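Student: I'd like to go through this structure with you. Can we start with single residues and move on to the chains later?

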Amino acid sequence: MSKTDTSDKPVKQIHLAAHFPGVNNTTVWSDPEAGSQIDFSSFVHLARTAERAKFDFLFLAEGLRLREQGGRIHDLDVVGRPDTFTVLAALAAVTDRLGLAGTINSTFNEPYEVARQFASLDHLSAGRAAWNVVTSWDEFTGQNFRRGGYLAREDRYERARQFLTAVRELLDSWQGGEIVADRTDGTFLRAAGPGRFDHRTGQFDIGGHFNVPRPPQGHPVVFQAGDSEQGREFAASAADAIFTRHGTLEAGKAFYADVKGRLAKYGRTPDQLLILPGVSFVLGDTEDDAREKSRVIRRQQVSGATATAFLERLWNRDLSAYDPEGPLPDVEPLVDAEPIVRGRADTHRDDRAETLARWRAVAEEKKLSIRDLVIELTGRQSFVGTPAHVARQLDAFVQADASDGFILAPHLTPGGLDEFADTVVPLLQERGVFRTEYEGETLRDHLGLAHPDHPAAAGREKAAS
Amino acid sequence: MSRSTTPLHLAVALDGAGWHPLAWREPDARPADLFTAPYWADLAAEAERGLLDLVTIEDSLGLQSSLPTGPDDRTDRVRGRLDAVLTAARIAPLTRHVGLVPVAVVTHTEPFHLSKAVATLDYVSTGRAGVQVRVSARADEAAHFGRRTVPQLPVAELDSPAGRALLAELFGEAADYVEVVRRLWDSWEDDAEIRDVATGRFIDRDKLHYIDFEGPHFSVKGPSITPRPPQGQPVVAALAHRTEPFALVAGSADLGFTTPHDTGQAAAIVAEIREAQERAGRGGETVHVFGDLVVHLDEEPGRAAERRARLDAGLDAPYSGDALVFAGTSAELADLLLEFAAAGLSGFRLRPATLPYDLARISRDLVPELQRRGAFRTAYEADTLRGLLGLPRPANRYATA
């Protein structure tokens, strides 16, 4: 098979990760093959599939309060997930190379504890830990935590930035090499009181001694997820990879160019930030077969009740009286009322009128029912086709600089990646754009990211040169 | 000697290279491996070989120190440790029977996070999770979080009014913390996930419950994000040396670790905990009281005492801590344990003086000795930690049935 790229540009290697399908309506729980999203065996299955396919890492999302709609717990989607750190540590026991990436909120945690947890995970996995830093401001989730909901919305990235800085300072408080453990002369530590740190900024007033030695990767790989202007700057300044939702070629290329273009002002090069969109896929024996499967899956993902619930988020009112197979509601949204949805990021806080006009126009033009409109609007499968077709598309996407790879979200737990691993991955390997064996030990190795030098070591090098 | 007796429960407490400060210098010690998974996996496997009920894994939010105020200036002792919950999770898939009980500090952490972490440890170990809750009265650990200050009281002043007030505050908060954690474990009824394709509902939301906890240190709304774990409620343990923590054990825990130095003390501790249990309205519930002992074990008479003396010779004064230090043969230890058991203890947590040596002596010498006396199991008789400890699976407080 010939490579897609005919220019002088070197062929890029694709990075692949597996997103454990969990709490959302793209996970099809009604399928007879759908298994538990909680039992550890499900995590083991997906992780081993991903490792068998030589994926870079497994990715876990997080949510710290159950979603509500209309004052009641949302009951239509998968609900319930285990603790991120605990699952990843356990997965380290049943995998050898696969990276282990967890979403951890910087609002409802403290830097000392998170730094300990990631340093411990990195030690316990021999260098495979990654952190997807997310932020939150909402009081709704805060009601589960000591701090409560006092963080102002505009402060969330400032806290995230200081949080990440503090965690890196804690991890750098051990340079590596402090532990001598010489039995004969009785020297355990090279010097007394390792791990000294002092971080006094607007959000944190902490100091003392960190109690975990420097982990194998130095720092966990840091992901940022979020598409706002602040989020892009945060990623460009501080992250190793960015988890995006731009699954189309044109949107992907625009985002890629934008974010990579922001790196220079932080003294960074384009290869120091990987861009990895979260995408879905449907495979079939023929193109038509795949399209039909995709259509069926979309209907499973968007039931009538799910479609109504989706609309209620924009209308911000109870729409249960409207037939989801009928036309859009003729009533106007409630703009000033309390949000009907709690615990979900996108509640159309700022763009309600504009969005409503667009939806009405689409529905009218294509003569869509509520349910068909929601199917039209939401997360269609990014890659649909035969394995050969999907492999070509994925490769073309990466070679066109629309991304550096993909975080694949199967729609079935836990077997949804099996077919991809068995059919698409070998084709990517044949094209020479995906590894056939792990070349390194750590996640940083897989992603082609440098192991961060300790600041003191970097200083010594500078002084010597 | 052969006599019929109630079988004992046996745990080991894992900490670094062992509980003796110079354990890391022993010939078979692995001080360079303390921060690697295989080290902990090997220790857990050895405990499981001995059919032990559970292992605990020590933890703290600061560097180990010989001082109560902050890090010391020593370079000849083990310093640094991994998060105990993550360590327990890392070894869970590699073991099948032994209970896994990490220490978690409750003074500076979030009950919501710990609740789901221990529930998840229960899932990844299929029903073998517990947690040993610990308060932190150290000013240096408080400074690592910067959210509150803890007055630095000398140990001698813990019985002063200020000391008692501090202990009451910290242990009162710990009791609230455990209450929140337990309510969160119950916040999903066991059959809340229904996957009802006909109605399109994944859960029956009437079987999920807000816990609505309000207290002086935190309020938590709930429900948990993690469904009720396999054991319903994992086992809650605490180490207790005095009245305030005895009250925590009696009112909140399933298992208390205590440090009697003779059978008279053992009987007095058990009596105090039982009384507090009655006061807390838990008179009818099983609350295990284990005795903690630091153990040097060798089969050749006098050898353990020699090892202990050799290790102590490297210190300014012989090693002594909160718990009785035993050095002797497995027959002598079995005698001692059975005496203590007769005073009312239902089991023991042995703290190996050196690892892995004393742990192997426990699993390979002490356990067969106790088995010969009919005082310890000869095979695992249950799949869960609650099962091993004879604790029932708790009913869900929110279920209306």
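Student: Which side chains are joined by a polar contact of 2.8 Å?

Tutor: Those of D59(B) and R116(A). A polar contact is a pair of N or O atoms within 3.5 Å; within protein, one must be able to donate a hydrogen and the other to accept it, and residues adjacent in sequence count only if both atoms are side-chain atoms. Before we go on: this is a predicted model, where local features need pLDDT of at least 70 and side-chain atom pairs count only at pLDDT 80 or more, while totals for chains, interfaces and linings use all residues. Residues are numbered from 1 along each chain as its sequence is written, chains are lettered from A and ligands numbered from 1 in the order written, and side-chain values use heavy atoms, leaving out hydrogens and water.

Student: Where does D59(B) lie?

Tutor: In the loop between strand 2 (54-57) and helix 2 (84-91) of chain B. Helices (H or I, at least four residues) and strands (E, at least two) are DSSP runs, numbered from the N terminus.

Student: Is D59(B) buried or exposed?

Tutor: D59(B) counts as buried because its relative accessibility is 6%. Buried means under 20% relative accessible area, exposed over 50%, and partly exposed in between (1.4 Å probe, protein chains only).

Student: What is D59(B) in contact with?

Tutor: Leaving aside neighbours within four places in sequence, the list is R116(A), R81(B), L82(B), D83(B), A84(B), V103(B) and R134(B). Contact means heavy atoms within 4.5 Å.

Student: What does UniProt list D59(B) for?

Tutor: The unreviewed UniProt entry lists D59(B) under "binding site". UniProt positions are given in the numbering used here, feature names are shortened, and annotations may be inferred rather than shown by experiment.

Student: New topic. How many salt bridges are there over all chains?

Tutor: The count is 77. A salt bridge is a side-chain nitrogen of Lys or Arg within 4 Å of a carboxyl oxygen of Asp or Glu.

Student: Which residue does K265(A) meet in a salt bridge?

Tutor: E233(A), at 3.2 Å from N to O. The two are 32 residues apart, with K265(A) in the loop between helix 7 (249-261) and strand 13 (274-279) of chain A and E233(A) in helix 6 (residues 229-238). K265(A) is exposed, because its relative accessible area is 56%, whereas E233(A) counts as buried at 17%.

Student: And which residue does K260(A) form a salt bridge with?

Tutor: D404(A), with the closest N and O atoms 2.9 Å apart. This pair also links distant parts of the chain, 144 residues apart. Both K260(A) and D404(A) are buried.

Student: Now the two chains. How many residues of chain A are in contact with chain B?

Tutor: 76 residues of chain A are in contact with 82 residues of chain B. The chains bury about 6,400 Å² between them, 61% of it on carbon and sulfur atoms. Buried area is the accessible area (1.4 Å probe) that two parts lose on being put together, summed over both.

Student: Which three residues supply 14% of the area that chain A buries against chain B?

Tutor: R146(A), R183(A) and F188(A), and that is more than any other three residues.

Student: How many salt bridges are found across the interface of chain A and chain B?

Tutor: Five. D75(A) also forms a salt bridge with R205(B), where the closest N and O atoms are 3.6 Å apart.
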